[in-house]
Amino acid sequence: MRLLEARYDGLYQSMTRQSDITPRQFGVLMALYQLGPLTPSVLADRISCDRNTLSEMLKRMVARRLVSKKDNPDDRRSLQVQITARGEEALLAVIPAAAELQNIMLAPLRKEDRAHFLKCLLAIAKAPPPDSPADT
């Protein structure tokens with residue numbers, strides 16, 4: 001798994017030809033672009049990121065005006081994160097290279113195996129932690 005991550009990160013940097021948006025930030029921007037405003041907890045679940053890591057990442061992204069926070073109209077005790085026009089512009093600039101990167105990463109697999117491989121990766125990523133109640 002670490003080898004896949006290292007390969008992906010290296011290719012991401014070289015193919016996107018930028019270092020402003022990290023792969024994780026790309027995931028945040030993509031989720032917000034596709035789904036609209038989300039609470040931090042829903043966003044963390046959506047991108048499979050722990051809330052502390054996401055909180056720090058969001059601070060940097062807000063400072064760079066890639067995302068903004070607003071009151072949650074459904075629950076005044078929480079906030080929603082939304083992509084800004086600047087964040088959308090940055091995301092759209094990276095998407096073509098990110099799509100090509102996925103093709104390169106999957107190239108060693110036969111076309112008929114790619115969907116199954118991605119489904120398996122998603123199952124691993126979404127599996128509950130070993131100490132969760134779902135495991136008992």
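Is A90 buried or exposed at its relative accessibility? At 19% relative accessibility, A90 counts as buried, where buried means under 20% relative accessible area, exposed means over 50% and partly exposed lies in between, all with a 1.4 Å probe and protein chains only. This residue is found in helix α5 (residues 85-106).

The structure is a predicted model, in which local features need pLDDT of at least 70 and side-chain atom pairs count only at pLDDT 80 or more, while totals for chains, interfaces and linings use all residues. Residues are numbered from 1 along each chain as its sequence is written, and side-chain values use heavy atoms, with hydrogens and water left out. The pLDDT, which is the predictor's confidence in each residue on a scale from 0 to 100, averages 91 for the protein. Of the residues, 96% score at least 70. Among the elements, helix α1 (residues 2-16) has the lowest mean pLDDT, 90, and strand β2 (residues 79-83) has the highest, 96. Where pLDDT is low, the predicted coordinates should not be read in detail.

The overall architecture comes next. The protein contains six helices and two strands, and its pattern along the sequence is α-α-α-α-β-β-α-α. Helices here are DSSP runs of H or I with at least four residues, and strands are runs of E with at least two, both numbered from the N terminus. Taken along the principal axes, the C-alpha atoms fill a box of roughly 50 × 45 × 25 Å. Buried residues make up 30% of the 136 residues. The protein exposes about 9,200 Å², and carbon and sulfur atoms supply 55% of that area; the accessible areas come from the Shrake-Rupley method with a 1.4 Å probe, and for residues only the protein chains shown count as cover. Of the contacts with a separation of 6 or more, 50% are accounted for by residues 24 or more positions apart, a contact being heavy atoms within 4.5 Å.

The axes of helix α2 (residues 23-35) and helix α4 (residues 51-63) come within 11 Å and cross at roughly 80°. These axes are lines fitted to C-alpha atoms, for helices over the stretch in contact, and the angles run from 0 to 180 degrees between N-to-C directions. The two helices are therefore roughly perpendicular to each other, on a scale where angles under 35 degrees count as roughly parallel, over 145 as roughly antiparallel, 65 to 115 as roughly perpendicular and the rest as oblique. From α2, R24, Q25, V28 and L29 meet T53, L54, M57, L58 and M61 in α4. By class, this contact has six nonpolar, two polar and one charged residues. Ala, Val, Leu, Ile, Met, Phe, Trp, Tyr, Cys and Pro count as nonpolar, Asp, Glu, Lys and Arg as charged, and the others, Gly among them, as polar.

Leaving aside neighbours within four places in sequence, L29 is in contact with I21, M61, L66, V67, I83, G87 and L91. M57, in helix α4, is buried as well, with a relative accessible area of 3%. With neighbours within four places again left aside, the contacts of M57 are R24, Q25, V28, I47 and C49.

A90 can now be placed among its surroundings. Not counting residues up to four places away in sequence, A90 touches I21 and L66. A90 and F26 are 64 residues apart in sequence and 9.1 Å apart in space, C-alpha to C-alpha.

In strand β2 lies Q80, which counts as buried because its relative accessibility is 10%. Beyond its neighbours within four places in sequence, Q80 is in contact with P37, L38, T39, S68, K69, K70, D71, N72 and P73.

R17, in the loop between α1 and α2, has a positive phi of about 50° although it is not a glycine. R17 is exposed, with a relative accessible area of 75%. S48, in the loop between α3 (40-46) and α4, has a positive phi of about 55° and is likewise not a glycine. S48 is partly exposed, with a relative accessible area of 37%.
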